[in-house]
Amino acid sequence: MTRHLARLTAAAAGAILMSAGAAIAQPKEIVIGVQCDRTGATQTVGVFFCPGVHDYTNLINSKGGVEGRKIRAMEIDHEYKVPQGMEAYERHKKEGAVSILLYGTPHTQALAAKLAEDKIPGTSPGFGSAASADGKRYPYLFPIAATYWSQAAAAVQFVKGKLGGNLKGKKIAYLFYDNPAGKEPLPILEDLAKLEGFELKTFAVPAPGVEMGAQVLDITQRYRADFVIAHLFGRSPSVSIKEFKRVGYPLSKVVSFVWGSAEADLEAAGGGAVAEGYNTMQFAGVGSDYPVHKQIREMYQKEGKPAPKEMVSTVYYNRGIFHIAVHIEAVRNALKAKGATANITGEDVKNGFEKVKGVTLDGLMPPLEITPTDHEGGGWVQIFTVKGGKLTKASEWFRAYPEVIKKHIEADAKKS
Amino acid sequence: MFHRESGYFKTTYAADGGLYPLPIAKWTIGVLLAGFILLPTISTAVSGAVSAEYYVSVVNLILIAVVGALGLNILVGYTGQISIGHAAFMSVGAYTAANLAVKLGLPFWVTLPAGGLMAAFIGAIVGIPSLRIKGLYLAIATLAAQLIIEWVINHTPAISGGSQASIEVPRPTVFGYPLKTQRELYYFLLFFAVLAIVGTLNLVRSRIGRAFVAIRDQDIAAEIIGIDIFRYKLTAFAISSFYAGVTGVLYTYYLGIANYENFLITTSIDYLAMIIIGGLGSVLGSILGAIFVTLLPIVIRVFMESFGTLLFTASELNNVIPATRLGLFGLLIIVFLVVEPEGLNRLWRNIRNYFRVWPFSY
C-alpha cells in the first residue's frame, strides 16, 4: 500500500513538473473573461450572443491564434444578477483574464470602480452608461459601440432625413420602456428638440412592457406623431410592432433603438411580413453573408459538423462576433507592443484598446476608432429596414451631433 | 458532539435561557471566530493572493446574504408574517446610505444605521396591513410594497440620483484607510454579519422574540395572554426591515453602487428560498440557507467545468452549464424539502443527535 502511494505521488509530481515544463516552453494562452446571460432576464439575447463570441474565438484559434497565441474565452453565466456578476468577475480575475466582456447595465456600473482598481479593461457595447464614453473619467471602461446618447442623436438624424431634411414644427413621439435605460436618452432628445425645432412628446411603457395599446393609440390618434422613436426591450418591441400595425400606423415611420431590432422580435410580432417597413438601429452588421460567417461555416465543415443554428439570429450573433473581435484586436495591439511571447497584463490590453482602429470585418463592424479620450470609438450606427420580410441595410455607418453628445459627457463629468 | 453534556444542571431561568447552553459552547464559538478572522490569511497562504481574492469574494457574498436571511427569518420564521417585498426594503437602505454618503459625504458608520433605520420606518408602514390581514393576503400587500417602492425610487431623481437610477458610492474607510480588496472588505462584512447573528440570537430569546413566536403560533391566544399584537407585529416588520436595509447598505458598499436592478422581486424570492431551505424560525437555518443558495450555483459550475468535458464538447458545455445549474438548483430544492421539510437546520440537528450518543445508542 505504502509503495503504491509512493509511486502515485512520484507520478503525480512528475506530471506536475512536466506540465510546468510545458508551460514554460510554450507561451501561455490568453484568457478573456466573458460574462453571459443564457438563463436570466435577457436570455433571449444571450443564447445567440454568446455562441457568436465563442465561434469567432475558435475561428481565430483555428487560424493560429493572435500573433501565435491561443485565446481562451472563458464564459460565466451570471443570470443577469449583480452579485453573481461580481463573483464571475473575481473568478475571471483568478484565472488571469486580461480583459472582460461585460454584460448588463447594472453589472457594468457595479464593476466600473473595480476594473480601474485592478487595471483590467471591460467593455459594454449597447448598455452601461453613456457617460462612460469619457476615457479620462473611466480609464478601464470601454462602451466600444454607440451609447444610448449616440443612438438618440442618430435616430433624430435619421428622422430628419426621412422627413425631408427639416424637423421644424414636426411632432416626434418617443416611446420608451420605463426603466433607467429607457430614460437615459431623454436629455439628448430634449436638447435636439430645441436645436432642430421639433416637438417631442414622451410615452412611457411600464414594466413588463407587454401592454401598450393606450400609448400607441395616444401617439397615433391623439398626438398624430410624424415619426416615432422607440426604445424598448425584451418582449415589448414585438408588441409595439403589432400595436402600430393594428391601428394602421405605417411602420416605416418608426425607428427603434438597438435592443428592439432582432429577428426574434420580428418573428414574435408575426413574421417579417407584418413588420414590413420597420426601421431598426444596429451597432454591428446584420445578416450571415459576411466573409467571417463563411469562414465559421467552413471551420464547422472541417470538423464535420453543421453550421451553428444560432447563426440564424444574425443580429445578436453578429454582436457577439463584434464584441469579442474588438477584444482580440486589443490583445493583438498589446502583443505587438510587448512582443508575441510576452506576458501581457490588463494594462497592456487597455492600451491596446485605445489603439483599435480600422478593423471592420468587411463591414460587419463600424469604422471604429477608440482613443484614450473616446472609448466609444465614434458612436457609429447603421439603419436596417424590414424589406420583403428581412432586415436589409438602409444606410451606411453614420453618426450624428457629436458636439451635443460631447457637451453632455463633459457636463456629466463635472456633476460628480 | 465530542464533548460530554451530562453534569451541567441549570437552576435558574436566566441560565436556561443563556446564550451558551454549555460552557464548551464558548470554546466552539471562540475557535470558529478565530477561524473566520484568520480565513483570508490562511487562504492566501494556501492558494496565493490572487486565488484567495476569489475565494474570499464568495464568502463575502455569503456574509451579506446571511444578514438578509436573518432579517427575513425574524419576520417570516419567527413572527409568521410573510413578506415577498423584502428586496424593496434593501433598496430603501441602499439608496438612503448612498445619498447620505455621496451628497453629505458621511462615513459608513453613520450611513449604515441610517439606511437600516429608514428601511425600518418604511417597513413598519408596509407592515400596517398585517394588523388586519394574514397569509396570502399579506403576501400580496407586501408585493404591492415591492412594486411601489421600486417605482418611487425609479421616478424620483432626488432619490435615484438621475435617470440612470444608480449612485456610485465611495469605498468604506476605516481610520482613513479605504477598504478596496475583497480581503479588506471581508472584515468589514464579517463584523456586521457577526453583529447580526449575535443580535438575532439575543433577540429571539428575549421577551420580544418570545412574543413574536407566540404571535406566530396563534395570534388570538397571544393577545389573550397579554401580548400587544399591534406593537409586536409592527416591531417585527421594523426589525426585519432594519436587517434588510443593512443588507442593502452592505451590498452598496460591497459593489460600490446603489442600483435598484439589484433589488427586484427575484431577489426577494431568493431570500425566501434561503430561509425555507435553511429552516424557518432558526438562526442556524438562516445561515445554512444563505450558504446553500449562494454556493450551490458556484459548486455546480465548478463541478461541471471539471467533469462536464467527459460528456460534452467545450462549445456544448457553455450551453449545458447554465442550464444544468438552473435545473439542478430547482431539483435540489425539491429534494431537500421532500427529505427534510424543516430545512437544513433540522437536517443538521438530526445528524448531531445521531452522533450525540454514537456508538452507544439505546
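Mentor: Helices and strands are here DSSP runs, a helix having at least four residues and a strand at least two, and they are numbered from the N terminus. The model is a predicted one.

Tyr401(A) sits in the loop between strand E12 (390–393) and helix H14 (402–415) of chain A. Its phi is near 45°, a positive value in a residue other than glycine. Buried means under 20% relative accessible area; Tyr401(A), at 10% relative accessibility, therefore counts as buried. The place of Phe175(B) is the loop between strand E2 (173–174) and strand E3 (177–178) of chain B. Exposed means over 50%, so Phe175(B), at 86%, counts as exposed.

Let us now turn to the parts of chain A. The domain assignment divides chain A into domain 1 (29–146 + 287–353) and domain 2 (148–282 + 382–415). Their C-alpha centres lie 28 Å apart. Where the two domains of chain A touch, 18 residues of domain 1 are in contact with 17 residues of domain 2. The size of an interface is often given as the accessible area lost when the parts come together. Between domain 1 and domain 2 of chain A about 1,500 Å² is buried, and carbon and sulfur atoms hold 55% of that area. On the side of domain 1 of chain A, Ala130(A), Ala146(A) and Arg319(A) supply 31% of the area buried against domain 2, more than any other three residues.

The polar side of this domain interface can be described as well. Nine residue pairs are in polar contact between domain 1 and domain 2 of chain A, and the interface holds one salt bridge. A salt bridge joins Arg137(A) to Asp412(A), with the closest N and O atoms 2.9 Å apart. Helix H12 (residues 314–338) of chain A gives the largest share of the side of domain 1 that touches domain 2, namely four residues. Sorted by class, that side of domain 1 of chain A comprises ten nonpolar, five polar and three charged residues.

The next boundary is the one between the chains. Here 39 residues of chain B and 34 residues of chain A make the contact. Together chain B and chain A bury about 3,400 Å², with 49% of it on carbon and sulfur atoms. Tyr54(B), Gln164(B) and Asn318(B) account for 17% of the area that chain B buries against chain A, more than any other three residues.

Seven salt bridges cross the interface of chain B and chain A, and 17 residue pairs are in polar contact there. Several elements of chain B each supply at least two residues to the side that touches chain A, among them helix H5 (135–155), helix H10 (229–255) and strand E4 (257–259). Helix H2 of chain B gives the most to that side, with eight residues. By class, the side of chain B that touches chain A has 17 nonpolar, 13 polar and nine charged residues.

Side chains of opposite charge can pair when their charged atoms come close. Over all chains there are 34 salt bridges in the whole structure. Lys81(A) meets Asp270(B) in a salt bridge at 3.2 Å, N to O. Lys81(A) also pairs with Glu79(A), at 3.5 Å from N to O. Glu79(A) is buried, because its relative accessible area is 13%.

Within helix H9 (residues 236–246) of chain A, Glu243(A) and Arg246(A) lie three residues apart, about one turn of the helix. Their side chains form a salt bridge of 2.7 Å, N to O. Glu243(A) counts as buried at 14% relative accessibility, whereas Arg246(A), at 59%, counts as exposed.

A further pair in chain A is Lys350(A) with Glu354(A), a salt bridge of 3.5 Å, N to O. Lys350(A) is buried at 14% relative accessibility, and Glu354(A) is buried as well, at 12%. Elsewhere, salt bridges that share partners link Glu29(A), Arg72(A), Glu87(A), Arg91(A), Lys94(A), Glu95(A), Arg301(B) and Glu305(B) into one network.

Key: Residues numbered from 1 in each chain as written. Chains lettered and ligands numbered in written order. Predicted model: local features only at pLDDT ≥ 70, side-chain atom pairs only at ≥ 80, totals over all residues. Heavy atoms only, no water. Salt bridge = Lys/Arg side-chain N within 4 Å of Asp/Glu carboxyl O. Buried < 20%, exposed > 50% of the residue type's maximum accessible area, 1.4 Å probe, protein only. Domains from an automatic or database assignment. Contact = heavy atoms within 4.5 Å. Buried area = accessible area lost by both parts, 1.4 Å probe. Polar contact = N/O pair within 3.5 Å; in protein donor to acceptor, adjacent residues only side chain to side chain. Nonpolar A, V, L, I, M, F, W, Y, C, P; charged D, E, K, R; others polar.
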